[in-house]
Amino acid sequence: MKKTVGYQKVLKWLKVNKKKPFPFQEKTWEAYLAGYSGLLNAPTGFGKTYAVFLAPIIAYLNEGPIPKKAKLGLRVIWITPLRSLSKDLARAMEEALFQLDIGWRVGVRNGDTSVSEKQKQKRAMPQVLLITPESLHLLLAQKNTEAIFDNLSCIVADEWHELLGSKRGVLVELALSRIKGILRFRENRVLQIWGISATIGNLEEALAVLQPDAVVLKTIVKADFEKKIQIQSIIPETIEMLPWAGHLGIKLADKLIPVIKKSRTTLVFTNTRSQAEIWFQHLLKIHPDFAGQIAIHHGSIDHELRNWIEDALHTGILKVVICTSSLDLGVDFKPVDTVVQVGSPKGVARFLQRAGRSGHSPFETSKIYFMPTHALELLEVAAIKTAAKTGQIESREPFVLTFDVLIQYLVSLAVGSGFDDKIIFDEVKNTFAFADLLEEEFQWCMHFITQGGTSLHAYPEFHKVVLDEADGLWKVTSRQIAMRHRLHIGTIVSDAMLKVKFMKGGYIGMIEEYFVSKLKAGDRFNLAGRSLEFVMVRDMLVLVRKSNHKKAITPSWQGGRLPLSSNLGAILRTKYSQVLEGNEEEEELKVIKPLFQLQEVITHVPLVDEFLVELIKTREGYHLFAYPFEGRLVHEVMAALVAYRISKLMPITFSIAMNDYGFELLSDQQIPMDDAIGYEVFSPENLSEDINASINATEMAKRKFRDIACISGLVFQGYPGKYIKNKQIQSSSSLFFDVFESYDPRNLLLRQAYDENFHYQLEETAIDDGFTKNTEKCHYIEDCH
């Protein structure tokens, strides 16, 4: 790389700090200075942030002396998926800028940013702005924001894999399309877009989504070395200690105490917030000496308390933190030298991401302990070990043609300075998500936001956007519509959350409305590691007082169900074969072998090319167990499909249950099954037709439509402190669904509900794959006990 002025200064700074750049960092700087956009893929802890952040810094230093009175303006937009990332990133960036003697300011803009700070940014934008996708759209929804991008040279999407496979990724795509459109009218401004990701399988597609422009220089920079990760399972003394099902894992909690004691700081990851609350209370119960050294961190804890915990992690005050995905990504806590994963994370990428939170340095080994919550999870971690060695990381499938997000985006632009529909159509068409958007579909969206579409034109509240004859731009002129729209910009739709506050003041966190509705005065529950007594709900606040009572219930939050990833399921099947063949590479397989030998004696263990079906009669009735290993969501549909196909052969009714490994049909009648019937029941032929016939597709699409209605602005979710109840939102969205079904069958939001339900919920390709590869050799085992 040519030793430019900027590069030499950065190199000197690194040398002072006894560091030198890795080859992938230099490749990134070289590509950036050559005008490339790109995607950086490197292991956690190797300096991905500096690799991309220092690139525009070097470019800025190469510009030569800048006049002291010159307005620097906004130079870099850094998009982060989590608020918790922003504070840590800002700290690292400010430290580097100070030591390099560069007068840039770093600002943070997200839901936790105060109004005064936002006003300060409006008067003078920082040179680096750390922002979430939702806040970036809020920025575009302000009047006269175009000028703030005058000096912008770089946009970075951090942890791009987390955004890619969600509608938040579409938000990023649309925001980038608008900023690129604004800068086309600026002379000599070249906008470079970079993504950062540690764990993703489809790198080329990820880059194509981030920067779809064919004429732009693009590259993928990939580190040519891997982070050392040490995965160790916490094995029970006897395999019988572990249940065959469950998700808490507290039976092995005693074995975790020595791990915590010998480490400086330990992060204990759980998969749900409820599980985190339970583990916090249980660790304090079995080891009271942790009091004052233990904390709990998840998304429903008040942000001030979360900030304190993050600061305490940096300074090493805390010995152990029980957490969820709120600490999954990119946060660099140097005192953390050990990570514990309680229960299977159900995906390789998620497991490796969490492992990388320890040993956050290229020369340290990341240590992660796996604590199974039931016996078969030992197999899952063995599969994860294999996937980590062979680099079998899950791909993230990008969303396309999400009309609800497009409608929200158009209204956001109209709330801001307004937009020209012809220009915006061209910009939107140049995104990956809407590359196949037809002009008539875009015009349908325009008709929807201006007239309410075909079925809502009689209601003035849906005439949100009007044409300003003075400048020919589409705008929102109603202050009430503009305010209500800004309140709910984003694609994260959850149940109504209520703040929890002490009677004498002080916020603790948030719980969902449905949980509060079940509480009576005097009931006790745990939140943020505290035992609380419920007093009342007043002004949408849950008022509580401290409780010293030992027994308390734990809140449950929706959305905590993690389905098994498809590629982890495929590796699992190979592990079953290894156990039976005596080819146990991992210690977990040796431990679990007695159970498999017992399973083989009683029934059968399916090999890679086999599909096991068990038929059992008990006091409850006749059971059919099938084991496709395709994940809970796929099994839910497969169970309904198999039940439908059997019912076509004879009149019969079933109750259905499923987990990540298989599904069960239970009937009070004997279930017919032999080779001929089995081939017909589990055949991949006529799959689409039979799926539609076997499930209530309309009812499932109606449930999916709730989120679409909220995102598109059909349903208003309420004001801060006065959110509309979840039942009312569901009822309102169902009403719109029924109206569209009856009077507007070509409604694109209605079509989207069915498409999303079929593609993302029903996962037809996974069902087809499961039937095709599993029915080549079926084993039907009867009378298993």
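# Cores, helix packing and selected residues

Leaving aside neighbours within four places in sequence, leucine 256 is in contact with Ile234, Val268, Trp279, Leu283, Val340 and Met371. The model is a predicted one. Leucine 256 belongs to the largest nonpolar core, which has 83 residues. Leu256, Ile322 and Phe525 are the residues with the most contacts inside this core. Helix H14, residues 377-390, gives the most to the core, with 7 residues. A second core is separate and has 53 residues. Ala141, Phe399, Phe425 and Ile729 are included in that second core.

Helix H14 also packs against another helix. Its partner is helix H21, residues 587-602. The angle between H14 and H21 is about 140 degrees, and their axes are 9 Å apart. Angles over 145 degrees would count as roughly antiparallel. H14 and H21 are therefore oblique to each other. H14 passes H21 in a left-handed crossing. On the H14 side, the contact is made by Leu378, Leu379, Val381, Ala382 and Lys385. H21 supplies Glu588, Leu589, Val591, Ile592 and Phe596. By class, the residues of the H14 contact with H21 are 8 nonpolar, no polar and 2 charged.

Leucine 401 sits in the loop between H14 and helix H15, residues 403-415. Phi of leucine 401 is near 50 degrees, a positive value in a residue other than glycine. Is leucine 401 buried or partly exposed? Leucine 401 has a relative accessible area of 23%, so it is partly exposed. The cut-off for buried is under 20%.

H15 has a packing partner too. H15 and helix H16, residues 421-429, pack at an angle of about 140 degrees. Their axes are 13 Å apart. That angle makes H15 oblique to H16. The crossing of H15 and H16 is right-handed. Leu406, Tyr409, Leu410 and Leu413 of H15 meet Ile424, Glu427 and Val428 of H16. The residues of this contact divide into 6 nonpolar, no polar and 1 charged.

Helix H2, residues 23-33, packs with helix H3, residues 48-62. The angle is about 40 degrees, with the axes 9 Å apart. Angles under 35 degrees would count as roughly parallel. At about 40 degrees, H2 is therefore oblique to H3. H2 passes H3 in a right-handed crossing. From H2, the contact takes in Phe24, Gln25, Thr28, Trp29, Tyr32 and Leu33. From H3 come Lys48, Tyr50, Ala51, Val52, Leu54, Ala55, Pro56, Ile58, Ala59 and Asn62. The contact of H2 with H3 has 12 nonpolar, 3 polar and 1 charged residues.

Tyrosine 32 is found in helix H2. Its relative accessible area is 4%, so tyrosine 32 is buried. What does tyrosine 32 touch, not counting residues up to four places away in sequence? The list is Ala55, Pro56, Ala59, Ser153, Cys154, Gln192 and Trp194. Among them, Ala55, Pro56 and Ala59 are H3 residues of the contact with H2. Between tyrosine 32 and aspartate 101, the C-alpha atoms are separated by 22 Å. These two residues are 69 residues apart along the chain.

Threonine 49 lies in helix H3. With a relative accessible area of 23%, threonine 49 is partly exposed. Leaving out residues up to four places away in sequence, threonine 49 touches Trp78 and Leu89. The C-alpha atoms of threonine 49 and aspartate 158 are separated by 8.3 Å. Along the chain, that pair is 109 residues apart.

Glutamate 159 is found in the loop between strand S5, residues 154-157, and helix H7, residues 160-164. Phi of glutamate 159 is near 50 degrees, a positive value in a residue other than glycine. Is glutamate 159 buried or exposed? At 4% relative accessibility, glutamate 159 counts as buried.

Definitions and conventions:
Residues numbered from 1 in each chain as written. Predicted model: local features only at pLDDT ≥ 70, side-chain atom pairs only at ≥ 80, totals over all residues. Heavy atoms only, no water. Core = buried A, V, L, I, M, F, W, Y, C linked by side-chain atoms within 4.5 Å. Buried < 20%, exposed > 50% of the residue type's maximum accessible area, 1.4 Å probe, protein only. Helix = DSSP H or I, 4+ residues; strand = E, 2+ residues; numbered from the N terminus. Contact = heavy atoms within 4.5 Å. Axes fitted to C-alpha atoms, helices over the stretch in contact; angles between N-to-C directions. Parallel < 35°, antiparallel > 145°, perpendicular 65-115°, else oblique. Left-handed = near helix turned anticlockwise from the far one by under 90°. Nonpolar A, V, L, I, M, F, W, Y, C, P; charged D, E, K, R; others polar.
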